[in-house]
Amino acid sequence: QFDQDGDRLPPQSTDEIPTEESTDSSSSSDNIEEEPPENYIPPESVETRPPQPAPTPEIASKKDTSLAVLKRRLPVESYTAVSELELKTPQNEALDWVLYTDEYEGYDWEAMANKDNEDEDAEEVFMQRYVCATLYSVLDGDNWIDNSNWMTSENVCDWYGVTCAGDMDEEKEEENDAQEGTGKEEENKETRTRAIRKLQKMSDDTIVSLQLMGNKLEGWLPPDIRALTSLEHLEVHRNRLRGEIPPYLYEMTSLKTLFLDDNNLEGPMSADIGNLVNLEKLTLSENKVSGEIPTEVGGLEKLTMFWLYENKRIRGEIPAEIANLVNLKSLALFNTNIEGAIPNLSNLQALEVFKVENCDLTGDGYMSLYDVPTLKVLGIAGNKELTGSLEGIGKLTKLEELYLGETQIGGTLPEEMGNLVNLWVIKSPETGFTGPIPGSFGRMTSLKDLNLKENALTGPLDEGLGGMTSLIKVDLSECSLTGALPESIGNWVNVEEVHLNENSLTGALPESIGNWVNVEEVHLHENSLTGALPESIGNWAKVKEVHLHENTLTGALPDSIGGWENVEEVRLYSNALTGALPDSINVWTKVEEVFMYKNTLTGAIPEAIGGWAMVEKVDMSENSFSKDSGLPNTIGMLTECERLIFHQSGIGGTLPTEVGMMTKLETLDLSQNKKADTGGKGLNGEIPSEIGMLGGTLENLVLFDNSMEGVLPTELGMLEELEVLNLQKNSFTGDIPTEVGQLTSLRYFDIEMNRFEGNLPTEIGIMEDLNELIISKNFLTGAFPTEIGDMRSIGNIAATDNNFSGQIPDELTNLWMLGKLNLDNNLFSGAIPDTIGNMENLAIFTARNNNRRGGKGLTGNLPESLGRLQNLFQFDVSDNSISGEIPTSLGECTSLSELSLYQNKLWGDVPAELGNLVGITQMNLIDNGIEGEVPEGLCSLGAEIQVDCSVTCAEDCCTNYDC
């Protein structure tokens with residue numbers, strides 16, 4: 001990004017304050033493996049070259065001349081790399097290219113060799129081509145994005161990214177011509193004069209600028225670059241440079257621009273940075289630079305740009321010496337670990353950008369910047385210990401961007417903020433602002449983005465806020481605003497996002513909001529808004545999200561909402577809306593979510609919903625739709641729908657066969673549509689066989705509490721992804737199809753309160769992932785399948801009120817995860833399995849009243865293994881024919897709360913061990929042959945104990961029944 005003067009700008013802050021984790025990962029350089037590129041070999045591992053052919057006398061002479069010049073011009077380490085001719089180094093490759101390959105005709109070897117008349121131009125030509133060739137070799141030039149003319153015979157000034165003195169002079173002349181008549185001619189004339197004076201000391205072919213940004217340079221910057229003594233601009237940002245900040249850069253005193261950002265450089269900045277007295281722009285952002293900011297930076301009097309942002313290893317305080325940089329225009333230190341107080345920076349009278357977000361700064365030192373009238377960007381968000389206020393900020397009349405979020409800056413928003421007429425963004429969520437938003441904000445006619453969410457702002461919105469006519473985004477959510485929305489907000493004609501949700505706003509929506517013709521998101525949910533939706537909202541032709549849920553809106557949906565042809569989310573749930581769905585909603589062809597549950601909508605579901613071709617989630621639960629009609633046949637056109645919910649919505653009719661066309665459907669919930677107040681019986685008819693076409697997606701089929709009937713289609717077995725099948729409280733008949741055994745993903749199976757008959761199919765045991773099996777209150781017969789013992793995930797079996805017979809299968813005791821087993825009101829016989837103690841998680845076991853229809857019910861003794869059931873809470877086998885004594889081991893069930901052995905054939909004394917049942921609350925032992933007395937230990941537990949007259953009860957211990 002660039003400003004109006006062509007200078008680079010730091011990135012803008014986002015709505016979300018980046019966390020330390022996210023900012024680390026956002027830097028592309030931090031994710032680069034620190035391995036050297038193949039083309040660069042560190043000195044300690046340099047290879048030897050194969051023997052070279054003997055050079056011709058002419059080449060030998062050029063080599064001697066070259067080495068003499070290189071010895072004088074290069075740093076020691078670079079000269080060593082090129083002078084050891086037997087070594088394979090990038091420097092040797094560069095010199096070989098110059099001597100053997102380069103066909104450039106501008107070399108003057110004779111002038112270079114003349115020691116008495118040194119020709120600086122001739123030497124410079126050689127040095128520049130050698131240095132550039134070295135850079136190309138070290139930095140993997142063959143793989144650059146653009147390496148035009150590099151390593152060719154063209155003048156080095158014509159190589160991509162290289163600018164020479166003559167080109168720079170031409171650029172300055174063009175700049176002066178372009179600004180003619182702007183009042184800057186004199187200024188540019190002086191600039192050009194200074195440039196020409198300097199250029200007179202150098203050749204037009206002297207390199208003054210290297211601009212290779214974003215060009216896939218990879219490796220270390222070699223020391224050889226220091227030989228470009230006239231270099232003024234080095235711009236190599238957005239590459240893959242590695243290693244520490246090269247120390248020899250600090251010796252290149254001609255540098256004016258040094259852009260090293262967005263690489264993988266590491267290590268501290270040296271105090272030698274102070275040597276770069278001509279430096280105007282310095283960027284080291286988005287690297288791994290560490291340590292403190294050297295105080296010597298404060299001596300760079302010409303510095304206008306200083307960026308260190310996105311270096312999480314930078315620490316220490318902002319040096320007070322920064323205040324000496326009177327020409328500084330842009331200071332960006334955000335997402336570093338700098339800490340402490342911000343020094344007094346009021347001396348920086350040229351400063352335009354100050355960005356220090358997401359550091360560890362404290363105090364209110366930033367307030368000194370209120371005296372810097374040039375400031376355009378103030379970014380201090382994410383410093384959780386910053387304090388102070390905005391008193392005095394009105395002096396910053398040139399301010400354009402203000403970022404204060406997640407700080408402790410507080411107090412009221414001052415009226416003087418209305419002076420900030422150039423401000424276009426305020427992002428200050430989660431700060432400590434209180435009181436009302438001043439009406440003077442309406443004078444900020446340039447404001448485009450206002451974010452004050454999660455502050456303690458109070459009071460109604462002032463009519464004056466309608467003056468913010470340039471607003472594009474406004475977020476005042478999660479505050480404590482009250483009162484009605486003013487008509488003036490209709491002046492926000494450019495607004496695209498409105499977030500006023502989670503306040504205490506009241507009153508009706510003003511008709512003027514229909515002027516928001518560009519709006520894309522309207523979030524007014526979780527307020528106390530009342531009244532009908534205005535017809536004018538149909539003007540929101542671009543709207544994508546309409547969130548008006550959890551208010552008290554009333555009246556019918558206006559036909560005009562058919563104007564929302566681009567809408568994607570409609571959330572109107574939890575209001576008091578009435579009337580029928582308008583047919584105009586058929587134009588919502590892009591809608592993905594429609595949530596209108598918890599209203600009082602009436603009438604038939606219109607066929608128009610078939611137009612929702614992209615809808616994924618529909619929830620119309622808890623309404624009062626017509627009991628005489630159900631889902632329209634057009635429902636089959638919702639081929640993208642994943643969730644369709646009409647729970648407790650009052651609909652009737654049958655389930656359309658077209659439901660089978662909804663091949664992405666995951667949840668179908670049409671439950672509880674019986675309504676006593678309207679006489680509605682809910683859905684009727686059969687489950688269509690076409691339901692099997694949803695085998696690849698359907699996970700939840702929930703149809704309970706309707707009036708559906710008929711036999712279950714065998715196609716149910718095709719629903720291989722089904723996890724929940726709830727058909728409770730209907731009138732289904734016939735056998736349970738054996739195909740249910742194919743539902744191997746099923747976790748919840750509930751057919752309670754229907755009219756199923758016949759045997760429970762043995763195939764049910766195949767459902768190994770089933771957690772709950774609820775088949776109570778039907779007419780099922782026959783033996784309980786032993787195959788249920790294979791359902792190792794089962795936690796609840798409810799099989800009461802059927803006609804099951806035979807013994808309780810021993811295999812049930814294999815179900816160690818089973819917590820509830822209810823077998824009441826059946827015809828089971830025989831003994832409780834001795835291995836019941838294996839069911840270590842069993843909490844509830846009930847098998848009462850199995851002696852119906854002349855049957856004996858359960859017989860035999862209570863198993864001793866019951867004592868191993870440490871989680872047992874309720875044990876009820878009343879109304880059976882169990883005999884023998886109460887096992888003493890039952891006293892080991894210390895979690896037991898309810899014990900009912902009523903109406904069996906037990907005898908003997910009440911075991912003293914029952915006094916160990918410290919959790920017992922109810923015990924029923926009547927209608928047995930038990931005698932003796934209730935043990936004292938049991939009496940002391942305070943439980944409600946009922947026994948026969950044959951048992952002696954101490955006072956306040958128990959109750960003798962029917963004596």
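Mentor: Start with a term: two strands pair if DSSP finds at least two bridges between them. Keep in mind that this model is predicted.

Trainee: How many bridges does β60 form with strand β62, and in which sense do they pair?

Mentor: Apply the cut-off: at least two bridges make a pair. Strand β62 covers residues 905–909, and its pairing with β60 is parallel. The number of bridges is three.

Trainee: What is the strand order of the open sheet of four strands, and which are its edge strands?

Mentor: The pairing is parallel, and the order is β60-β62-β64-β66. An edge strand here pairs on one side only. The edge strands are β60 and β66 (951–952).

Trainee: Which residue in β47 stands opposite G710?

Mentor: Strand β45 (residues 707–710) runs parallel to strand β47 (residues 731–735), and two bridges join them. Opposite G710 stands F732.

Trainee: Is E487 buried, partly exposed or exposed?

Mentor: E487 sits in the loop between β27 (480–484) and β28 (497–499). E487 is one of the residues forming a negative surface patch, which also includes D462 and E511. Its relative accessible area is 45%. Buried means under 20% and exposed means over 50%, so E487 is partly exposed.

Note on methods: Residues numbered from 1 in each chain as written. Predicted model: local features only at pLDDT ≥ 70, side-chain atom pairs only at ≥ 80, totals over all residues. Heavy atoms only, no water. Patch = residues over 30% accessible without salt bridge, like charges linked within 9 Å, V, L, I, M, F, W, Y side chains within 5 Å. Areas by Shrake-Rupley, 256 points an atom, 1.4 Å probe, with all protein chains shown as cover. Salt bridge = Lys/Arg side-chain N within 4 Å of Asp/Glu carboxyl O. Lys, Arg positive; Asp, Glu negative; His and termini not counted. Charge placed at Lys NZ, Arg CZ, Asp CG, Glu CD. Buried < 20%, exposed > 50% of the residue type's maximum accessible area, 1.4 Å probe, protein only.
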